[in-house]
Amino acid sequence: MRDSNLGVEVEVGVCPNEAPRSPVWGPLRTPPITCGGLSLALELPALIRQLREAWKARRGGPRGPERSQASTWVESEKEEVEEVKHDVEDRSGHLKADGRLNTGHAGVLLVERRGSYPLIDLRILKTSAQQGEVEAGTRRKMKRLLSFQRYCHASRLLRGLVPHTPGSLHLLDDDYLGQAAHMLSKVGKWNFDIFLFDRLTNGNSLVTLMCHLFNVYGLVHHFQLDMVKLHRFLGMVQEDYHSQNPYHNAVHAADVTQAMYCYLKEPKLAEQLSPLDVFLGLMAAATHDVDHPGVNQPFLIKTRHHLASLYQNTSVLESHHWRSTVGMLRESRLLSHLPADMQDMEQQLGSLILATDISRQNEFLSTFREHLDNQDLDLQLASHRHFILQIALKCADVCNPCRFWELSKQWSERVCEEFYRQGDLERKFDFEISPQCNQQADSVPAIQIGFISYIVEPLFEEWLRFTEPSPLSQNMMGHLYKNKARWSPESRRGISEDKF
Ligand SMILES: [Zn+2]
């Protein structure tokens, strides 16, 4: 078939030598791209180059100094980044056609995806004359994207996939990436400092961590995931977290994911888990608070927020996190190649994310206790493994008081800051101030002692029993008791305020 738009001879359609339902299409494999015994995958780069040349020729090549300046930069990048960029351009083109494209300051092309995910024309942003006009927020997001591109290069380089020839790579922050890579080698340690990791990855801790863990577990290979789709999906998830939230932001998601990884490695659990369990556990951890507005469910209900009516005042936030994740999975088409029976992953993901609803704490805790008392947990059963994944995710979500004091204290201050912001809003609009949200009445130590006593301690005591008890569980309980003591009034009387 001839593609008349490009003026290039391209054979498309069903390959005559390949039966459409060939048995080599196994359950978890993408169809092999072969024709006449030759792998088209080998020919694909050449084909893409040919198409791109034709495409460039039709657009008339570089135009003006701005374009040539940008082109110089773009040309110096490796081919993979070129493809990502063209992907972005293509998508911008589609959205422009949809009439959904906005042109921001300095000609920056922005498409607001659920209000938080911009698509940026990297060529335009690179020109120094226009950089000054770009809004600070946009520049931060651009910096993240550029850093992420560099991470893609570096990770390929570290795995030996790209030969390092002088001038072939432009890693502006080699030192930081080196330190981030070093931290990843210790990602299974409980003292992992997610705040430092986030700084070293230039705000890309969630994407970087997830890519690394997917590689560690061989999930990309097992589920035959398309790396471009995976990066796009994770980028969407990270951007959909609200960076202005002191607590419910992408760093919290990365922290929960790292904790989840530690729990998945527990000897009691590790050998029983299937690749699907691991995939779901990590995905649920990474997405469990996506697009969190920084206020709680009662606030959404009393302000008659549309999400509260949409989800009928029940698990409003958790339902929104789940449905947003499903939306992004479908938009990225990350799992679209999987057989139909794998598509119930969306439901399983929902069941895990909905378990993080703190109002269902007692329901989960009593079932967990019952299983442990009766010693009837059988991890050969998929349903029991799923239940333990729910518990593990709940533990990971509230594990801050089980971390080292320096990390734990930062999280405590952040969550209280978010509560106080809600309280300030409630005061401003003459609503009754929610419990723990009144900065004048609710101190950080009092909030933390209540949270530890009623939520964290009962849950981790059962988790300790479940792990029989593992060194990690004992370590976590040690930190929990010490941190609780440091927040207690008796202990605080002996320590000056500035140490808190
Ligand atoms: Zn959370």
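# Reading a zinc site in a predicted model

Modeller: Let's start with the overall picture: the protein chain has 24 helices and 6 strands. Helices (H or I, at least four residues) and strands (E, at least two) are DSSP runs, numbered from the N terminus. This is a predicted model, where local features need pLDDT of at least 70, side-chain atom pairs count only at pLDDT 80 or more, and totals for chains, interfaces and linings use all residues. Residues are numbered from 1 along each chain as its sequence is written, and side-chain values use heavy atoms, with hydrogens and water left out.

Colleague: What share of the 500 residues is buried?

Modeller: Buried means under 20% relative accessible area, exposed over 50%, and partly exposed in between (1.4 Å probe, protein chains only). Here, buried residues make up 49% of the 500. Glu413, in helix α21 (residues 405–428), is partly exposed because its relative accessible area is 35%.

Colleague: Which protein atoms are the donors of the zinc ion?

Modeller: In general, donors are N, O and S atoms within 2.8 Å of the metal (3.2 Å for Na, K and Ca); water is not among the atoms, so sites may look incomplete. In this model they are His252 (NE2), His288 (NE2), Asp289 (OD) and Asp397 (OD), lying 2.0 to 2.2 Å from the zinc ion. Along the chain, the donors follow the spacing H-x35-H-D-x107-D.

Colleague: Why is the arrangement of the 4 donor atoms called irregular?

Modeller: Four donors count as tetrahedral if all angles lie between 85 and 135 degrees; four count as square planar and six as octahedral if opposite donors are over 155 degrees apart and all others between 65 and 115; anything else is irregular. The 4 donor atoms here subtend angles of 86 to 172°, which makes the arrangement irregular.

Colleague: What does the UniProt annotation "binding site" cover?

Modeller: A word of caution on such records: UniProt positions are given in the numbering used here, feature names are shortened, and annotations may be inferred rather than shown by experiment. In this unreviewed entry, the annotation covers His252, His288, Asp289 and Asp397. They are spread over 146 residues of sequence, yet they cluster in space, with a largest C-alpha distance of 10.0 Å.

Colleague: Are His252 and Asp289 buried or exposed?

Modeller: Both are buried. His288, in the loop between α14 (275–287) and α15 (297–302), is buried too, because its relative accessible area is 0%. Asp397, in helix α20 (residues 382–397), counts as buried because its value is 12%.

Colleague: Which side chain makes a polar contact with that of Asp397?

Modeller: A polar contact is a pair of N or O atoms within 3.5 Å; within protein, one must be able to donate a hydrogen and the other to accept it, and residues adjacent in sequence count only if both atoms are side-chain atoms. The side chain of Asp397 pairs with that of His252 at 3.1 Å, and His288 also joins His252, at 3.2 Å.

Colleague: What does Ser205 touch?

Modeller: Contact means heavy atoms within 4.5 Å. Leaving out residues up to four places away in sequence, Ser205 touches Phe197, Asp198, Gln238, Val251 and Ala254. Ser205 lies in helix α9 (residues 205–216), and its side chain makes a 2.5 Å polar contact with that of Asp198.
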